[in-house]
Amino acid sequence: MTGLDLAFAATGLITAAAGAIAVTTRQVVHSALWLVVALLGLAGCYLVLGAELVALVQVLVYVGAVVVLVIVALMLTRAPIGPRAEHSTSRGHRALAALVGAGTGGLVAAVLLPTAARVEVRPGGTAELGRQIFSTWVWPFELLSLLLLAALVGAFAVSGLTGEQAGEQPAKGEARP
């Protein structure tokens, strides 16, 4: 085991732990901040693998843009910052979610592990990566950006359903938001 293997394992563990904390914490802002740690850890994995450009894009696009977008969306939708009772679920739901997650992880591992053999790395460099992104992978990339946009619009739409549309009336003397 080389030093690069140890560095990759360390950044991978940090990334996985930060991702697990991001999805299990009860505070939305803390979750967004742990997402930053997970994405930075993933960029570290790319650096260890020798893909400096992909690591830079990871930091610029995902940490610099997507997470900032998530935090701005949280502020615009006036999402509750602290833990709330309506965000909590029962133990049965948590156990079911853990079971579904473990099943999905097992399915992904069953599909990917047989393909995990040593492959010959083709020398490509930045020019080859750019050609692949803007030719072969341009439609999945654009589809993913549309999906993120739809999720943002959906978050705004769902946040607009609270209050007056849900049948709640502001109390007398209470200012409308």
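**Before selecting**

This is a predicted model, in which local features need pLDDT of at least 70, side-chain atom pairs count only at pLDDT 80 or more, and totals for chains, interfaces and linings use all residues. Residues are numbered from 1 along each chain as its sequence is written, and side-chain values use heavy atoms, with hydrogens and water left out.

**Stop 1: the whole chain**

Select the chain and colour it by secondary structure. The chain has 6 helices and 0 strands, and its pattern along the sequence reads α-α-α-α-α-α. Here helices (H or I, at least four residues) and strands (E, at least two) are DSSP runs, numbered from the N terminus. Of the 177 residues, 12% count as buried. Buried means under 20% relative accessible area, exposed means over 50%, and partly exposed lies in between, with a 1.4 Å probe and protein chains only. Contact means heavy atoms within 4.5 Å. Among contacts between residues at least 6 apart in sequence, 62% join residues at least 24 apart.

**Stop 2**

Two packed helices are described by the angle between their axes and the distance between the axes. Axes are lines fitted to C-alpha atoms, for helices over the stretch in contact, and angles run from 0 to 180 degrees between N-to-C directions.

Select residues 3-24, which form helix 1, and residues 28-48, which form helix 2. At what angle do helix 1 and helix 2 pack? The angle is about 160 degrees, and the axes are 8 Å apart. Helix 1 and helix 2 are therefore roughly antiparallel to each other. For such angles, under 35 degrees counts as roughly parallel, over 145 as roughly antiparallel, 65 to 115 as roughly perpendicular and the rest as oblique. The crossing of helix 1 and helix 2 is left-handed, a term used if the near helix is turned anticlockwise from the far one by less than a right angle, whereas clockwise is right-handed.

Now show the side chains in the contact. On helix 1 the contact residues include Leu4, Phe8, Thr11 and Ile21; on helix 2 they include Trp34, Leu35, Gly41 and Val48. By class, the contact of helix 1 with helix 2 holds 13 nonpolar, 7 polar and no charged residues. Ala, Val, Leu, Ile, Met, Phe, Trp, Tyr, Cys and Pro count as nonpolar, Asp, Glu, Lys and Arg as charged, and the others, Gly among them, as polar.

Next, select threonine 11, which is found in helix 1. Is threonine 11 buried or exposed? Threonine 11 counts as buried because its relative accessibility is 19%. Leaving aside neighbours within four places in sequence, threonine 11 is in contact with Gly41, Gly44 and Cys45.

**Stop 3: helix 2 by itself**

At 1.5 Å a residue, its 21 residues should span 30 Å, and the end C-alpha atoms are 30 Å apart, which agrees. The expected span is 1.5 Å times one less than the number of residues. Among the buried residues of helix 2 are Ser31, Ala32, Leu39 and Cys45. The buried residues of helix 2 pack against helix 1 and helix 3 (52-76). After helix 2 comes glycine 50, whose phi is positive, near 90 degrees.

**Stop 4: helix 2 with helix 3**

The contact of helix 2 with helix 3 has 20 nonpolar, 1 polar and 1 charged residues. Within helix 3, the buried residues include Ala55, Val63 and Leu74.

**Stop 5**

Select valine 36, found in helix 2. Valine 36 counts as buried, because its relative accessibility is 18%. Not counting residues up to four places away in sequence, valine 36 touches Val63 and Val67. Finally, select glycine 64 in helix 3, which is partly exposed at a relative accessible area of 42%. Glycine 64 and valine 36 are 28 residues apart in sequence and 9.0 Å apart in space, C-alpha to C-alpha.
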